[in-house]
Amino acid sequence: VPMTSVICLAAGFVIDLIAGDPVGFPHIVIWMGRLVSFCERILRRVFPATNEGELCAGALMTALVCTISVGCLAIVVRALYTAHLALGIVAESLICWQCLALKGLNTESMNVAFKLKGGDILTARATVGRIVGRDTDHLDECGIIRATVDTVAENLSDGVIAPMFFILLGGAPLGVLYKAINTMDSMVGYRNDRYMYFGRTSARLDDLANFIPSRLSALFMVTATGVVGLDRANSWRIFCRDRYAHKSPNSAQTESACAGALHVQLGGDSFYFGELVHKPTIGDEDRDLKVDDILRTDRLVNVTSLLFLAFGLATKVVFVCI
């Protein structure tokens, strides 16, 4: 039924806003992570520990994880649709929910803000460490806020807009394919000795998958700035200037729009696994970062997500009806 993806995405979005990621509830990303770890462990034994061997092993892992993840869920959903339309819609809605992470971004970032407002910087460091890849043990208050705003802005695309984009294109199976790619990138897509070659295919595929969604995310974010009372003109200016100020072709798209909207500077040097990594700054340091900037970023991300959802669903309905 052509309209089921519209119904399931809308339902999944609402469930995510209400429930987020309940502790102890089976989650497809957890299973994907276990599959990635299993494939890596086996394939590293099979292929030689050379650059070419690791590259081949990583490419095969990417193919296996994508095929198994999408194949298993597609079989289950198809079987449920065959049994009854309502069962299929429920199953696909639950999968759409698990592809989205808007409530999780809000919850984790708000936890950081609450800890900082309470003066508990030690717990704030540990809390932000759950959602960022950089080392957080020695971050001061400004560094914690910057790390939080950075990751919320960047993950707007990875955690919300991109999954919705692919679900609108091909239903829950395409959303699951995106989550598989994104999960692999988050686990093995590092430019270090262990993953420079093994994770290369996953990282390049993730760059490709996020190319359009990251830019849509930034454009919708610039649009949303006016709704939440931030500076749309400066958001657009910094987006145009700094959207490629990152090693990834996609990460700075939303970060630049957010930095401009807030009149703050994001990015910059950070420690990863004990090593200093030099990164360009994004935005102008018109003022110091404040705890309330986390709340402003959350509001901006929420409105951006709602705008994209409304636009995407309306566009899908029009195309289905034509």
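Modeller: Among contacts (heavy atoms within 4.5 Å) in the protein chain with a separation of 6 or more, 71% join residues 24 or more positions apart. The model is predicted, so local features need pLDDT of at least 70 and side-chain atom pairs pLDDT 80 or more, whereas totals for chains, interfaces and linings use all residues. Residues are numbered from 1 along each chain as its sequence is written, and side-chain values use heavy atoms, without hydrogens and water.

The protein chain contains eleven helices and four strands (DSSP runs of H or I with at least four residues, and of E with at least two, numbered from the N terminus). Of its 322 residues, 48% are buried (under 20% relative accessible area; exposed is over 50%, partly exposed in between, with a 1.4 Å probe and protein chains only). Along the principal axes, the C-alpha atoms fill a box of roughly 60 × 55 × 35 Å.

Glu92 belongs to helix 4, residues 85-99. Glu92 is buried but has no salt bridge (a side-chain nitrogen of Lys or Arg within 4 Å of a carboxyl oxygen of Asp or Glu). The nearest side chain of opposite charge, that of Lys316, is 8.8 Å away (Lys and Arg count as positive, Asp and Glu as negative; His and the chain ends are not counted). The side chain of Glu92 instead reaches the backbone nitrogen of Ala172, at 3.1 Å. Ala172 is also one of the contacts of Glu92 beyond four places in sequence, which include Thr4, Cys8, Tyr81, Gly171 and Pro173.

Elsewhere, the structure holds eleven salt bridges. One of them joins Glu108 and Arg130, whose closest N and O atoms are 3.1 Å apart. Glu108 lies in helix 5 (residues 102-117) and Arg130 in the loop between helix 6 (121-128) and helix 7 (141-188), so the pair ties together parts 22 residues apart in sequence. Glu108 is partly exposed at 22% relative accessible area, while Arg130 is exposed at 54%.

Arg296 and Asp293 also meet in a salt bridge, at 2.7 Å from N to O. These two residues stand three apart in helix 11 (residues 292-321), a separation of about one helical turn. Arg296 is partly exposed at 28%, and Asp293 is buried at 0% relative accessibility.

In the salt bridge between Asp242 and Arg241, N and O are 2.8 Å apart. Asp242 is buried at 8% relative accessibility, and Arg241 is partly exposed at 44%. Finally, salt bridges link Glu40, Arg44, Glu54 and Arg194 in a network.

Terms used. A polar contact is a pair of N or O atoms within 3.5 Å; within protein, one must be able to donate a hydrogen and the other to accept it, and residues adjacent in sequence count only if both atoms are side-chain atoms.
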